[in-house]
Amino acid sequence: MNDTRLEHIVGKVKDIPMLPDRINRIIKITEDPDSTIEDLEKEILLDQSLTSKILRLANSTHYGYPRKINTISQATILLGFKTIKSIVLASTVSKMMVKELKGYGLGKNDLWTQSQTCAIISRYIAKDVGFNGPETAYIGGLLRDIGKTILNYYVEKEYNAITNRVQFGKVSFLEAEEEILGFNHAQVGEKIAERWNFPQELVEAIGLHHNPETSTIDPKLVSIVHIADSITMMLGISIGADGLTYNFSPFALHSLNYSTQDIEQLISQSYDLIIDKDSFNL
Ligand SMILES: [Fe+2]
């Protein structure tokens, strides 16, 4: 791959829109221990579609709350600041992720459905292993493949070269991306997360979700997102062209203390999780 094209791709990453100001303000409020429920409510109420999404989710059977939630402040008490943050981020990135990505063989909505699946499984695993930050795991799972939205254009152009390499060269789709384009989607995703000023452990989880063994900041978080990603692909949720070429990293299994049997159990539990359509209420 020549340098001009590589620079062009990096340039594209630089062009990625920043998160809208209001979303950044809401995220800041949820992260500030001194902010109050009123602060958060005031900001959310400025966005009608976000307000209705949060109320819809708070009232879904997923949270199993017996009485109707009518206000954002009730929803915040029920769901907590961190979950509100996840919902806000998810509803923002959904716009980037619903598009068709021909290079990856992903139809309209496929990446979005798959990402929500991976996010839900990531949160489940985080709770299962007692990881301190299930909502961070949720966001990591949700955004791990966001780089595909940028790299798609280039993958599409080199589709035959990449799939040939996967088929005959016995390399993974990720390795073929790297060989032929000079970048893989995880590295591009890492750049996006950096640009959005995400905490460094989340940047790492997105960047290394296919190579957890190279993690230095938070190997547990990277391993959670990696395992959730592999399970999502195994379950065959709108997986697209690269779906069947990934495996479970022994490093990730080890750092979460999972045996092969645990994984089998996790796969069937994940299946139960995602057939609950309320989990996808965004
Ligand atoms: Fe990926």
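Predicted model: local features only at pLDDT ≥ 70, side-chain atom pairs only at ≥ 80, totals over all residues.
1. A second salt bridge joins Asp229 to Arg144, with 2.8 Å between the closest N and O atoms. Asp229 belongs to helix H14 (residues 219-235), whereas Arg144 sits in the loop between helix H8 (134-143) and helix H9 (148-157), so the pair ties together parts of the sequence that are 85 residues apart. Asp229 counts as buried, at 0% relative accessibility. Arg144 counts as buried too, at 0% relative accessibility.

2. These pairs should be read jointly. Arg144, Asp145, Lys148 and Asp229 are linked in a network of salt bridges. As a general point, side chains of opposite charge can pair when their charged atoms come close.

3. The structure holds eight salt bridges. One of them is formed by Asp47 and Arg22, whose closest N and O atoms are 3.9 Å apart. Asp47 is in the loop between helix H3 (37-44) and helix H4 (48-58), and Arg22 is in helix H2 (residues 21-31); the pair thus links distant parts of the chain, 25 residues apart.

4. The two members of that pair fall into separate accessibility classes. Asp47 has 19% relative accessibility and counts as buried, because the limit for buried is under 20%. Arg22 has a relative accessible area of 28% and is therefore partly exposed.

5. The remaining point concerns helix packing. Two packed helices are described by the angle between their axes and the distance between the axes. For helix H5 (residues 72-79) and helix H6 (residues 81-97), the axes come within 6 Å and cross at roughly 110 degrees. H5 and H6 are therefore roughly perpendicular to each other, since angles of 65 to 115 degrees are placed in that class.

6. Which residues make the contact between H5 and H6? On the H5 side they are Ala75, Thr76 and Leu79, and on the H6 side Phe81, Thr83, Ile84 and Ile87. By class, five residues of this contact are nonpolar, two are polar and none is charged.

Methods: Residues numbered from 1 in each chain as written. Heavy atoms only, no water. Axes fitted to C-alpha atoms, helices over the stretch in contact; angles between N-to-C directions. Helix = DSSP H or I, 4+ residues; strand = E, 2+ residues; numbered from the N terminus. Parallel < 35°, antiparallel > 145°, perpendicular 65-115°, else oblique. Contact = heavy atoms within 4.5 Å. Nonpolar A, V, L, I, M, F, W, Y, C, P; charged D, E, K, R; others polar. Salt bridge = Lys/Arg side-chain N within 4 Å of Asp/Glu carboxyl O. Buried < 20%, exposed > 50% of the residue type's maximum accessible area, 1.4 Å probe, protein only.
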